[in-house]
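Subject: Structure handover

Hello,

Here is the structure I said I would pass on. Please open it next to this email and follow along as you read.

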Amino acid sequence: MEVCLFEPEIAQNAGTIARLCTCFDVTLNIIEPTSFVLSDKGFKRAGMDYINKTDIKLHTSFFEFKKNYNGRIILLDTKATTLYYAFEYISTDCIMLGRESAGVPDEVFNACNARVLIPMKNNSRSLNVAISAAIGLSEAMRQISKFV
């Protein structure tokens, strides 16, 4: 199981997700460009001392990442129709999250192996990307019995 951030824009969100990945013992993939540098103090503050323990892999583009990743890429997206808890995850899946401001472009959306949705009440646009990562990753880890 891995997590991937598509062109993240907010250092604190990425740092929080890096901390999540460390605590869940999964790799964090970051597709560049980012709107911050990994030495950003907001990134480090949110990730705390976990940042130095996080397995972070940088990728120059989505398609470079997809070419080199051997598992399925499961996109968490507000335009998806499959509910995240109804999807059957496997241990080689990577949960991908889009940019905070715009998600992912259509060509990335369509290139993912699956797209899943975290349901929300009507008129809610989206959850914070770090919260979404925690919800999606928790369910995937539960399904593959990673916590047992």
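**What was found**

C94 is buried, with a relative accessible area of 0%. Buried means under 20% relative accessible area, exposed means over 50%, and partly exposed is in between, using a 1.4 Å probe and protein chains only. Before the rest, two notes on the source. This is a predicted model, in which local features need pLDDT of at least 70 and side-chain atom pairs count only at pLDDT 80 or more, while totals for chains, interfaces and linings use all residues. Residues are numbered from 1 along each chain as its sequence is written, and side-chain values use heavy atoms, with hydrogens and water left out.

**Cysteines**

How many disulfides are there? The count is zero, where a disulfide is a pair of cysteine sulfur atoms within 2.5 Å. C23 is in no disulfide, and its nearest cysteine sulfur, that of C21, is 9.5 Å away. C23 is partly exposed, with a relative accessible area of 47%. C94 is in no disulfide either; there the nearest cysteine sulfur belongs to C4, 5.0 Å away.

**Overall layout**

The protein has five helices and seven strands. Helices (H or I, at least four residues) and strands (E, at least two) are DSSP runs, numbered from the N terminus. Along the sequence the pattern is β-α-β-α-β-α-β-β-β-α-β-α. Of the 148 residues, 47% count as buried.

**The sheet**

The seven strands form an open sheet in the order β3-β2-β1-β6-β4-β7-β5, with parallel pairing. Two strands pair if DSSP finds at least two bridges between them. β3 (56-59) and β5 (82-83) are the edge strands, each pairing on one side only.

β6 is joined to β1 by four bridges, and the two run parallel; here E2 stands opposite C94. Four bridges also join β6 to β4, again in parallel, and I74 stands opposite I95. β4 in turn pairs with β7 in the parallel sense over three bridges, with R115 in β7 as the bridge partner of L75.

Which way do the residues of β6 point? C94 and M96 point one way, I95 and L97 the other, and all are buried.

**Helices on the sheet**

α1 lies across β1 and β2, and runs at about 150° to β2. α5 packs on the sheet, touching β1, β4 and β6, and its direction makes about 160° with that of β6. Axes are lines fitted to C-alpha atoms, for helices over the stretch in contact, and angles run from 0 to 180 degrees between N-to-C directions.

N13 is found in α1 and is buried, with a relative accessible area of 10%. Leaving aside its neighbours within four places in sequence, N13 is in contact (heavy atoms within 4.5 Å) with E100, N128, V129 and A130.

**Cores**

A nonpolar core is a set of buried Ala, Val, Leu, Ile, Met, Phe, Trp, Tyr and Cys residues joined through side-chain atoms within 4.5 Å. The largest has 29 residues, and I17, Y89 and L137 have the most contacts inside it. Elements giving two or more residues to this core include β1 (2-6), α1 (11-24), β6 (94-97) and α5 (129-143). A second, separate core of 15 residues includes F6, I31, V104 and A111.

Regards
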